[in-house]
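Please look through the sequence and the model before reading on.

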Amino acid sequence: MSRSILRTIAVPLVAVVLGLLIGAVLILSQNASPSTAYTALVVGGLGDADAVLRTLQKATPLIFGGLAVAFAFKAGMFNIGGQGQLLIGAVFAAGVGFGIDGLPMVVHLPLALLAGAIAGAIWGGLAGTLKATTGAHEVIVTIMLNFVAGNLTDWLSANPWKDNSGNNIVARTPLVEDSATIPTLGAVPVGFLLAVAAAATCWMVLERTTYGFEVRSVGHNRNAAQYSGIKVGWIMSSTMAVAGMLAALGGAVESLGVDGRFEAGVNVGLGFEGITIALLARANPLGVIPAALLVGLMEAGASRMQFKAGVAPELIDVIQALILFFVAAPIIIKWLLRMRHDTSEQLQLGAGWGKS
Amino acid sequence: MSEILLAAQNVTKKFPGVLANDDVSIRLRPGRILALLGENGAGKSTLVNVLFGMYRPDSGQVVIKDETVDLHGPDDAISRGIGMVHQHFQLVPPMRVVENIVLGDEPTKRGLVDLDEARNRVVELSERYGLEIDPDALVEDLPVGMQQRVEILKALYRNADVLIMDEPTGVLTPQEADHLLGVLRELTETGLGIVFITHKLREVLAIADDIVVLRNGQVVGETTPSQTSEGGLAEMMVGRSVVLQVEKSAADPGDVVLKVSELEVNDDRGQVALDGLNFEVRAGEILGVAGVEGNGQRELVEAITGLRHPAFGVMEIDGEELTSSSPRQITKKGVAHIPEDREKHGVVAVYSVAENSILNRYHRKPFSIRGILRRHVIRGHAQDVVDEFDVRTPNVLVPASSLSGGNKQKLIVGREFSDEIKLLIAAQPTRGIDIGAIEFIHRRILEQRDKGTAVLLVSAELDEILGLSDRIAVLYDGKIMDVIDAHDADREKIGLLMAGITD
């Protein structure tokens, strides 16, 4: 058992080590000290309560985004729409967060989260339904919906939902009510706990329910799924809706727990990081948590690394890219580890292309 | 002339975890036909791939025309006069015959392809060997037997002295197969040698000069047709005595279970695949559907099991119309389906044996309750299927991909038979599996019949149809040519119907 777990995590683990090693060479090439830089990175991400809070806050939307990609992937679909789904979730959660007042927190906060989740489910479900009914490829549709979502949320925050307080000229909504703000327990933001619960729920649903069995059957062998009586089209629509909901929750938590409002341009690119996380986690919902924590830590510690070691924070992006490269090309690592070609579940990113 | 045309000498080839060829030696002399016999996974393909330069042996040599050679690839083998006719033809359908024949070795004149000279050579070759063909016909317009002829000409065009034929009769009617054997015999008269790979024992006895039997990567027997029989060959292949023909009692047909009227079904390209089919299957009888593959069998099975919607017509099970119902609605009526392509429809390769054992039953009690899978119940059920259907697996948690074809098929049969069923749709139920498993599955299908299940058996193996069926329907070009009682059926009669000939 432990051996099989070891085999599963070997590739991402070695990928991280290789990424950090090559990062160290790059740091050396800038005449800085890798040990100082990496120490600063870790201290910046874990050194004190504030650092831990920062790491957990950074990791939260990454967990949701990673789940959004991983869940769709289980049904054999590649969800590139995390960015758009996140924005939709962020703006609608903020809308309910500032637009209604006088509700107690136990009602208002769940309501705001729910608004974001439902909007995201519709946004994601749209791509799944188009694929199921017309064969439109989800990769193309979700990419395009990202642009639509970007413009729609820009418009909402610049026009009907604009913050008109003072002489604000920025495209942003008003601050959400206190009753819709996600609290923090010590150094742990409640949004992070929600994300962990979401990951556990995804795992349970996929592994222990008949719905999860249907999703995985469609992902592994669409013909056999059809043979066994599964409604393949419904699974495509519904998994994309779930994926959209997950990404949107990430956006909702940003609005309600970190930024306190929706502001155009603030979350740019955040939704795409879910792809990195899902790859690093090899599409395992539970693996998404450590993968997001690792990347969250690097992002939280980057500025301290720059300050202490004089290394440009962009190095973090380079290291992330390197890790992603090694995860996506597991052959290199398997060769390094002299691992036999295993027949276990393979993560193939090409899935879906060309065989709609 | 060479003493030995083609030989493998002590060839050993390992793959991770498998010794595919273990010290294998064969030799082919000019003018002779060497039959290579063995079950799936016995090492035939590996050996042939070594001889054709696709694999390099770990040890041992390949000899071509008395000379030890080191092949670097198929091109190398072809240039030394080895020709291969694959089971699945390697032709470009929209191109003409002559273009297909020269493909990869095009004659040129001033940098342009010169087909005139090629055409002359093709005509000359086809006349010399009695392989008449129109060099300007499009390959896609040719029947399968003719396409095979193009493949043979392709090898002869490249001056092959040796032809390797991989399961060449699988796609032919019995008459076409007989004709092919005649052509091959004629070819050997010019000194050509042929390696003939097959699993049809009758053909081996009919055509071979020498027979080599492989099992588990080793040569387990060398013989000639005069020294052996079908039973003897089967025993050599399997390593124990086997029953080639399962005994069966007379059928006791009951009420009509499946009734198909005026059924019209289109194929994937929207062309008519089934053109007004009418037939019935009664409880306690096996209706065999014979025919060369691609005459509508797949569409028939898919239409009955709900995987494909008919364009017209009615399908009734137990008097209830179920035309265009979903697979789940049909399964619910007590219909079991052994699909023709087990990898595509029958199993999910990465799923465990346990998960596969409930593939189309996961949503029912006791396997799940209110949407939650009950893993202990599922494992217990899988263990029962494994025990009762003799599925060889270390446990029920290994992925189905680790099972051999025969064991996967037994798992599917076990799954489908684990409920009370009224109607069994069995499509190619023993394709590509070992003789022991074939015998086992045949027995189980007969058992179902004797319990009163109506069975529709679709198979490209005429022996299987003849051995199991009570009545035989012959499908040709989407139509049923005739339905004959099994007592009145013989290979000759059915073969003619398979070719669309009625008298």
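Which residue stands opposite Glu264(B) in β14(B)? In this predicted model, the residue opposite Glu264(B) in β14(B) is Asp275(B). Strand β13 of chain B, residues 256-266, and strand β14 of chain B, residues 272-282, are antiparallel and are joined by eight bridges. These two strands make a hairpin in which five residues lie between β13(B) and β14(B), and in the turn Gly270(B) has a positive phi of about 85 degrees.

Strand β13(B) also pairs with strand β16 of chain B, residues 312-317, again in the antiparallel sense, and here the number of bridges is five. The strands belong to an open sheet of four, with the order β14-β13-β16-β17 in chain B and antiparallel pairing. Because β14 and β17 (320-321) of chain B each have a single partner strand, they stand at the edges, and one side of each is left without a neighbour in the sheet.

Chain B also holds an open sheet of six strands, in the order β18-β21-β22-β15-β23-β24, whose pairing is mixed. Its edges are formed by β18 (335-338) and β24 (479-485) of chain B, each of which has a single partner strand, so one side of each is left without a neighbour in the sheet. On average, neighbouring strands of this sheet are turned by 15 degrees against each other, direction ignored. One parallel pair within it is that of β15(B), residues 286-290, and β22(B), residues 454-458, which four bridges join; in this pair, Ile286(B) stands opposite Val455(B) in β22(B).

| Strand pair | Sense | Bridges |
|---|---|---|
| β13(B) and β14(B) | antiparallel | eight bridges |
| β13(B) and β16(B) | antiparallel | five bridges |
| β15(B) and β22(B) | parallel | four bridges |

Which strands of the six-stranded sheet does helix α9 of chain B touch? This helix, residues 297-305, packs on the sheet and touches β15, β18, β21 (423-427), β22 and β23 (471-476) of chain B, while its direction makes about 150 degrees with that of β21(B). The helix α9(B) also lies across β13, β14 and β16 of chain B, and it runs at about 120 degrees to β13(B).

The next topic is the contact between the two chains. Chain A contributes 18 residues to this contact and chain B contributes 26 residues. The area buried between them is about 2,100 Å², and carbon and sulfur atoms give 58% of that area. Within chain A, the residues that lose the most area to chain B are Arg208(A), Phe213(A) and Tyr227(A), which together account for 37% of what that side buries.

Between chain A and chain B there are 16 residue pairs in polar contact, with both residues at pLDDT 80 or more. The elements that give two or more residues to the side of chain A that touches chain B are α7 (190-208), α8 (210-220) and α9 (222-227) of chain A, and α8(A) gives the most, with six residues. The residues of this side divide into four nonpolar, nine polar and five charged. The count of salt bridges between the chains is one: Arg216(A) forms a salt bridge with Glu355(B), and their closest N and O atoms are 2.9 Å apart.

Two backbone details complete the account. In chain A, Arg282(A) has a phi near 50 degrees, which is a positive value in a residue other than glycine, and Arg282(A) is found in the loop between α11 (273-280) and α12 (288-309) of chain A.

Methods
Residues numbered from 1 in each chain as written. Chains lettered and ligands numbered in written order. Predicted model: local features only at pLDDT ≥ 70, side-chain atom pairs only at ≥ 80, totals over all residues. Heavy atoms only, no water. Contact = heavy atoms within 4.5 Å. Buried area = accessible area lost by both parts, 1.4 Å probe. Salt bridge = Lys/Arg side-chain N within 4 Å of Asp/Glu carboxyl O. Polar contact = N/O pair within 3.5 Å; in protein donor to acceptor, adjacent residues only side chain to side chain. Nonpolar A, V, L, I, M, F, W, Y, C, P; charged D, E, K, R; others polar. Pairing = 2+ DSSP bridges. Axes fitted to C-alpha atoms, helices over the stretch in contact; angles between N-to-C directions.
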